[in-house]
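Work through the exercises below with the sequence and the 3D structure at hand, trying each task before reading its solution.

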Amino acid sequence: MRQLDKRKLLFLLGLFSYCFSYAQVTIIVNSIPANTPTGDIIYIAGSFNGWDPGNSAWKLARDTVSNTLNIVLPAGTGSVSYKFTRGSWAKVEGNASGGFIPDRTFTYGNGDTLLLQILGWEDLSGGGGGQTSAAANVSVIDSVFMPQLNRFRRVWVYVPPDYALSSQTYPVLYSHDGQNVFDSYTSFSGEWKVDETLNELYAEGDSGIIVVAVDNGGGQRLNEYSPWVNPSYGGGQGDEYADFLIQTLKPMIDSLYRTRPGREYTGIMGSSMGGLISTYGGIEFQQTFSKIGAFSPAYWFAGASAFQHVATTGKQAPMRIYQLIERRSGASYVADMYRMEDIPFSLRVL
């Protein structure tokens, strides 16, 4: 056999690698929960389709011979994040108890066929599903489109217990990581019990507020919750996410609910990376927000940029900023919180 020229060999190896990396991926689901409603269509949603949970182009087809569901994903490169749904984020897959599971992932080039099982659904109880722990006065707006990011997202809304019986208008608090705010079955490591706490305060005479909580984007969470890029972890889409809150979500909430839309009645709150984007969003968009809640804020992610932003932007209108951290979060977290607290925050006339 004639020896291959070295350049030809390298070309063939490169071509093989290219073709392998760009190969299509077939996903086969060979098991679904027994309580899956008959006739429900199962979809795949992920980073490849803007996390659209019910797009007909991404529904799984049934193979009657093998009794499996399958879909072929177009060729691509890199890592992909995804989940299965029954057409909406309110009907997303969960673990065997119906609890939250992290995004599924795969990387092109690691194989062209994935054999998977769906263990449970977040919205179903018994037989592989879970029971929500959210209060009765918490509702879901499913599949809200984020035009700034070309993605879809589930949004939770808490209203005071007497909302339907009154004509009162309410302040609004916008929160992130919506999976964790109200419901233990969708939370990553335990819910925040915001609904239970506010209901207790209402019973003690508090007039109440509306809380709007936006689900995080799973694999897009770090990107969306920081306007600054961390060279190791990503970021850089925080402005687009904040624009979604201000330009798309807030007008929608103000039109659907009896809100007090003024800045003096509007706050933003989050934990960890949600604390970072809350501090950034509240300072950057003081025409919209007058209150910031930052719990264990991940200022480390942005480095010096988070502190410089607050110092250079300054106070343009009256603000209330609340920071909270547990010392067991780590000395660096505590030091960053005090560093942020010590920044001069004088009123600036623009």
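Helices (DSSP runs of H or I, at least four residues) and strands (DSSP runs of E, at least two residues) are numbered from the N terminus. The model is predicted, so local features need pLDDT of at least 70 and side-chain atom pairs count only at pLDDT 80 or more, while totals for chains, interfaces and linings use all residues. Residues are numbered from 1 along each chain as its sequence is written, and side-chain values use heavy atoms, with hydrogens and water left out.

**Exercise 1. Judge the confidence of the model.**

Begin with pLDDT, the predictor's confidence in each residue, from 0 to 100. The mean pLDDT of the chain is 88, and 89% of its residues reach 70 or more. Over residues 9–21, however, the pLDDT is below 50, and this stretch has 8 contacts (heavy atoms within 4.5 Å) in the model beyond near neighbours in sequence. Where pLDDT is low, the predicted coordinates should not be read in detail.

**Exercise 2. Explain how K250 and D254 are placed relative to each other, and describe their pairing.**

First locate both residues in helix α5, which spans residues 238–256; because they are 4 residues apart there, about one helical turn separates K250 from D254. Next look at the side chains, which meet in a salt bridge at 2.8 Å, N to O; the term stands for a side-chain nitrogen of Lys or Arg within 4 Å of a carboxyl oxygen of Asp or Glu. Finally compare the accessible areas, where buried means under 20% relative accessible area, exposed over 50%, and partly exposed in between, with a 1.4 Å probe and protein chains only. K250 is buried because its relative accessible area is 10%, whereas D254, at 24%, is partly exposed.

**Exercise 3. Find salt bridges that link separate elements.**

The structure holds 10 salt bridges. One of them joins E93 to R104, with the closest N and O atoms 2.8 Å apart. This pair links distant parts of the chain, since E93 is in strand β6 (residues 93–94) and R104 is in strand β7 (residues 104–107), 11 residues apart. Both E93 and R104 are buried. Another salt bridge joins R153 to E224, whose closest N and O atoms are 2.9 Å apart. R153 lies in strand β11 and E224 in helix α4 (residues 221–224), so this pair ties together parts that are 71 residues apart in sequence. Here too R153 and E224 are buried. A network of salt bridges also links D40, R86 and D123.

**Exercise 4. Describe the surroundings of R154.**

With a relative accessible area of 5%, R154 is buried. Then follow the side chain, which makes a polar contact with the side chain of D215 at 2.7 Å. A polar contact is a pair of N or O atoms within 3.5 Å; within protein, one must be able to donate a hydrogen and the other to accept it, and residues adjacent in sequence count only if both atoms are side-chain atoms. A polar atom of the R154 side chain also lies 2.8 Å from the backbone oxygen of W89.

**Exercise 5. Which residues touch the most other members of the largest nonpolar core?**

A nonpolar core is a set of buried Ala, Val, Leu, Ile, Met, Phe, Trp, Tyr and Cys residues joined through side-chain atoms within 4.5 Å. Of the 44 residues in the largest one, I210 and L249 touch the most other members. The largest share of this core, 7 residues, comes from α5. Apart from it lies another core, of 19 residues, among them L69, V80, F84 and I118.
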